[in-house]
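The following account leads through a structural model step by step. Please keep the sequence and the structure in view while reading.

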Amino acid sequence: WDLSHGDLGLSFKGDRDVSYLIGHGFFVTAQLGVIAFIVAMTWGTFLGVISALNRNGPLDYAGVLFATVGASVPNFIAATFLIIVFAIQFHWFKIVGWGGPILWGDTFHASAWEPQKMVLPVVALSLLPSAYVARIMRASMLEVMNQDYIRTARAKGLANNVVIIRHAIKNSLIPVLTVMGPIFAALVTGSFIIEQIFSIPGIGRSFIQAVISRDYGMIMGTTIFYAAIVAIANLSVDILYAVVDPRIRYR
């Protein structure tokens with residue numbers, strides 16, 4: 001009954017309300033996850049399209065290399081490398097804290113944002129999903145480009161750009177859409193290590209601290225909250241199928 005009303009109990013550390021702690025930290029985690037999701041989907045889709053259109057060419061090899069490296073390197077290794085190179089050696093970015101609003105209702109004026117703090121954690125978090133999306137998009141594009149309706153569109157005299165954008169890319173996005181839900185849920189709920197490394201005051205960092213201090217109330221509440229996020233993300237993807245693919249109808 002309490003759970004259905006949003007009451008997740010009290011934290012064992014300081015008797016603080018778990019729902020308040022999750023809401024406070026999730027605002028920052030959501031910013032990090034949403035930005036990383038947009039970067040991953042945009043960059044991964046672009047790279048997959050470019051690789052497919054330049055099959056067995058230098059751009060294709062570069063895209064496959066990025067996808068292989070991005071899928072092989074854990075995000076904490078990538079985060080450490082980015083910190084050493086771009087923060088310590090070149091001093092281009094800051095590495096402690098979060099550059100966006102910390103509390104709901106904070107000012108969103110340009111002066112309140114510090115992009116130098118946001119770049120490295122976003123890149124480190126989006127590296128793996130962007131590589132994954134690039135591999136799926138490349139394979140899907142190669143399959144779609146060999147379909148009969150693509151040959152028909154070209155035989156009708158349509159420009160190559162029109163064929164690629166209106167027919168090939170749109171239909172190639174269906175497999176990508178399949179993984180969008182899990183990727184979004186993973187980015188929003190799986191930034192534990194990145195938040196800890198960059199000292200970002202999000203729910204992931206709070207979860208790790210709860211595990212270390214054996215705060216079982218916070219651990220259980222966060223787990224339930226994460227499960228709800230995953231379920232909502234997967235349901236949203238199922239609904240979006242009908243938008244992308246007109247052959248799918250829900251009755």
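The paragraphs below treat the overall fold, the helix contacts, the side-chain pairs and the loops.

The model is predicted: local features require a pLDDT of at least 70, side-chain atom pairs count only at pLDDT 80 or more, and totals for chains, interfaces and linings use all residues. Residues are numbered from 1 along each chain as its sequence is written, and side-chain values use heavy atoms, with hydrogens and water left out.

The protein chain contains nine helices and zero strands, where helices (H or I, at least four residues) and strands (E, at least two) are DSSP runs numbered from the N terminus. Along the sequence the pattern therefore reads α-α-α-α-α-α-α-α-α. Of the 251 residues in the protein chain, 39% are buried. Here buried means under 20% relative accessible area, exposed means over 50%, and partly exposed lies in between, with a 1.4 Å probe and protein chains only.

Two packed helices are described by the angle between their axes and the distance between the axes. Helix H1 (residues 18-53) packs against H4 at an angle of about 35°, and the two axes are 6 Å apart. The axes are lines fitted to C-alpha atoms, for helices over the stretch in contact, and angles run from 0 to 180 degrees between N-to-C directions. The crossing of H1 and H4 is right-handed; a crossing has this hand if the near helix is turned clockwise from the far one by less than a right angle, and is left-handed if anticlockwise. The residues of this contact comprise 21 nonpolar, six polar and one charged. In this count Ala, Val, Leu, Ile, Met, Phe, Trp, Tyr, Cys and Pro are nonpolar, Asp, Glu, Lys and Arg are charged, and the others, Gly among them, are polar.

Which residues form the salt bridge? Asp 60 pairs with Arg 138, and their closest N and O atoms are 2.8 Å apart. Asp 60 is buried, with a relative accessible area of 1%, whereas Arg 138 is partly exposed at 22%.

Helix H6 (residues 160-189) holds Asn 171 and Ser 172. Asn 171 is partly exposed at 30% relative accessibility, while Ser 172 is buried at 0%. From C-alpha to C-alpha, Asn 171 is 8.3 Å from Met 141, 30 residues away in sequence. Ser 172 is likewise 8.3 Å from Glu 143, at a sequence separation of 29 residues.

In helix H8 (residues 203-212), Ile 203, Gly 204, Phe 207, Ile 208 and Ala 210 are buried. They lie on the same side of H8 because they cover an arc of only 160° around the axis, the arc being that of the directions from the helix axis to the C-beta atoms. An α-helix has 3.6 residues a turn, so residues three or four places apart point the same way.

The aromatic side chains form eight pairs in the whole structure. Rings of Phe, Tyr and Trp (its six-membered ring) pair if their centres lie within 6.5 Å; planes under 30 degrees apart count as stacked, over 60 as edge-to-face and the rest as tilted. The rings of Phe 225 and Tyr 226 are a tilted pair because their planes stand at 45°, with the centres 6.4 Å apart. Phe 225 is partly exposed at 24%, and Tyr 226 is buried at 10%. Phe 86, Phe 90, Trp 92 and Phe 93 form one aromatic cluster.

Most residues other than glycine have a negative phi, and most peptide bonds are trans. His 91, in the loop between helix H3 (75-89) and H4, has a positive phi near 60° and is exposed at 62% relative accessibility. Ser 199, in the loop between helix H7 (192-197) and H8, has a positive phi near 55° and is partly exposed at 25%. Just after H8, Arg 214 also takes a positive phi, of about 55°.

Note on methods. A salt bridge is a side-chain nitrogen of Lys or Arg within 4 Å of a carboxyl oxygen of Asp or Glu.
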